[in-house]
Amino acid sequence: MRFLVLHGPNLNLLGKREPQVYGTVTLAEINHSLEQLAGELGCFVDFFQTNSEGSLVSAIQEASGCDGILINPAAYTHTSIAIRDALSAVGIPCVEVHLSNIYRRESFRHTSLTAPVAIGQISGFGRDSYLLGLRALFNYITTVSCRT
């Protein structure tokens with residue numbers, strides 16, 4: 001089983017960017033934690049980070065060999081119909097994650113355009129949002145696979 005982990009804009013700055021909001025964990029540390037969890041689950045993870053909306057859309061469209069997508073669209077969560085449409089079009093199960101609780105932040109962050117096409121959303125738990133998201137995606141895939 002293989003999962004694609006997509007990190008949106010500015011997540012490459014984690015550890016330095018607004019630590020009062022996002023904590024001090026770096027993107028490399030998040031990826032390392034996900035690799036460890038994937039090993040425990042017996043699956044594989046591939047990572048992609050970009051600050052470009054079009055690159056995220058392309059990565060989603062090219063994910064046909066993946067069993068699931070774990071995505072933090074970052075600011076594009078609230079603005080990108082293109083990312084939402086790409087997630088919907090590929091039909092690959094997806095979980096949306098956020099380090100901070102987007103519903104406790106500015107009102108413009110309270111609407112996610114991508115969550116309605118995801119199987120679920122996890123936010124507010126820092127690095128654990130990613131780990132919970134991967135575990136939920138894995139459990140969803142293995143449960144659905146057992147039914148078919």
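**Close-up 1. Cysteine 94 and its closest cysteine sulfur.** The sulfur of cysteine 94 lies 12 Å from the closest cysteine sulfur, that of cysteine 66, which is too far for a bond. Cysteine 94 is buried, with a relative accessibility of 2%, where buried means under 20% relative accessible area, exposed means over 50%, and partly exposed covers what lies in between (1.4 Å probe, protein chains only). This is a predicted model, in which local features need pLDDT of at least 70 and side-chain atom pairs count only at pLDDT 80 or more, while totals for chains, interfaces and linings use all residues. Residues are numbered from 1 along each chain as its sequence is written, and side-chain values use heavy atoms, with hydrogens and water left out.

Close-up 2. Cysteine 66 counts as buried, at 14% relative accessibility. A disulfide is a covalent bond between the sulfur atoms of two cysteines. With a disulfide taken as a pair of cysteine sulfur atoms within 2.5 Å, a search of the whole structure finds zero of them.

**Close-up 3. The salt bridge between aspartate 46 and arginine 2.** The side chains of aspartate 46 and arginine 2 meet in a salt bridge, with an N to O distance of 3.0 Å; the term stands for a side-chain nitrogen of Lys or Arg within 4 Å of a carboxyl oxygen of Asp or Glu. This pair links distant parts of the chain, since aspartate 46 belongs to strand β2 (residues 44-49) and arginine 2 to strand β1 (residues 2-7), 44 residues apart. Strands (E, at least two residues) and helices (H or I, at least four) are DSSP runs, numbered from the N terminus. Aspartate 46 is partly exposed, at a relative accessible area of 31%, and arginine 2 is also partly exposed, at 32%.

**Close-up 4. The salt bridge between arginine 84 and aspartate 85.** Arginine 84 forms a salt bridge with aspartate 85, and their closest N and O atoms are 3.4 Å apart. Arginine 84 is partly exposed at 27% relative accessibility, as is aspartate 85 at 39%. By the rule used here, the count comes to two salt bridges.

**Close-up 5. Valine 90 in helix α4.** Valine 90, which lies in helix α4 (residues 81-90), is partly exposed, with a relative accessible area of 27%. Not counting residues up to four places away in sequence, valine 90 touches Ile60 and Gln61, a contact being heavy atoms within 4.5 Å.
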